[in-house]
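Visitor: I would like to go through the labels one at a time, and to hear for each of them which value stands behind it.

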Amino acid sequence: MKVQLKAAKVLAAERVPKSEKLLKLQVSLGTEQRQIVAGIGKKYEPEALIGKTIVIVANLKPAKLMGIESQGMVLAAGDSEVRGLATFVEDVEPGTKVK
């Protein structure tokens with residue numbers, strides 16, 4: 001399966017209860033909205049992500065993290081700790097394919 005990367009705009013973000021590093025994001029892909037659980041909570045406060053356009057892997061099977069369904073994966077840099085998110089400098093429409 002080829003990885004399908006897309007631009008996604010963060011509409012809402014909140015911490016996952018009982019987790020230091022998990023955040024639950026609601027993102028827009030233009031034609032649809034998805035929920036993504038990402039392990040970026042040690043680096044980012046939820047409020048700081050709202051309105052950002054990030055890169056997600058859009059064609060993964062949904063997975064459950066701490067009982068919450070995640071419908072994609074956020075792209076971030078770093079080994080054991082998150083150092084930064086893959087974002088855009090220019091305005092990019094949600095749902096745009098990333099090459």
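Predicted model: local features only at pLDDT ≥ 70, side-chain atom pairs only at ≥ 80, totals over all residues.

Visitor: Why is the pairing of E45 with R15 called a salt bridge?

Guide: The closest N and O atoms of E45 and R15 are 3.2 Å apart, and the label requires a side-chain nitrogen of Lys or Arg within 4 Å of a carboxyl oxygen of Asp or Glu, so the pair qualifies. Residues are numbered from 1 along each chain as its sequence is written, and side-chain values use heavy atoms, with hydrogens and water left out.

Visitor: What makes E45 partly exposed?

Guide: The relative accessible area of E45 is 45%, and the class lies between buried (under 20%) and exposed (over 50%), with a 1.4 Å probe and protein chains only. R15, at 31%, is therefore partly exposed as well.

Visitor: Which other salt bridges can you name?

Guide: The structure holds four salt bridges, among them one in which the side chains of K24 and E14 meet at 3.8 Å, N to O. That pair links distant parts of the chain, with K24 in strand 2 and E14 in strand 1 (residues 5-15), ten residues apart. E14 has 43% relative accessibility and is therefore partly exposed. Another salt bridge joins K42 to E20, with 3.4 Å between the closest N and O atoms. Here too distant parts are linked, since K42 sits in the loop between strand 3 and helix 1 and E20 in the loop between strand 1 and strand 2, 22 residues apart. K42 and E20 are both exposed.

Visitor: How do you know that strand 2 and strand 3 pair?

Guide: Strands are DSSP runs of E with at least two residues, helices runs of H or I with at least four, numbered from the N terminus, and two strands pair if DSSP finds at least two bridges between them. Strand 2 (residues 23-28) and strand 3 have six bridges in the antiparallel sense, and L25 stands opposite I36 in strand 3. The hairpin that these strands form has four residues between them, and G30 takes a positive phi near 85° in it. Strand 3 (residues 33-38) is mostly covered, with five of its six residues buried.

Visitor: What makes K18 and M66 worth a remark on phi?

Guide: Most residues other than glycine have a negative phi. K18 is not a glycine, yet its phi is positive, at about 65°, and M66, also a residue other than glycine, has a positive phi near 50°. K18 is found in the loop between strand 1 and strand 2 and, with a relative accessible area of 86%, is exposed. M66 is placed in the loop between strand 5 (63-65) and strand 6 (68-70), and its 49% makes it partly exposed.

Visitor: Why is V55 called buried?

Guide: V55 has 5% relative accessibility, so it counts as buried. V55 is part of strand 4 and, leaving aside neighbours within four places in sequence, is in contact (heavy atoms within 4.5 Å) with L5, K6, M73, V74, L75, A86, F88 and V98. T53 lies in strand 4 (residues 53-57) as well, and its 15% likewise makes it buried.

Visitor: What makes a group of residues a nonpolar core?

Guide: The members must be buried Ala, Val, Leu, Ile, Met, Phe, Trp, Tyr or Cys residues joined through side-chain atoms within 4.5 Å. The largest such core has 17 residues, and those with the most contacts inside it are L25, L49 and I54. Strand 1, strand 2, strand 3 and strand 4 each give two or more residues to this core. Beyond neighbours within four places in sequence, the contacts of L25 include V10, A12, I36, L49, I54 and V74.
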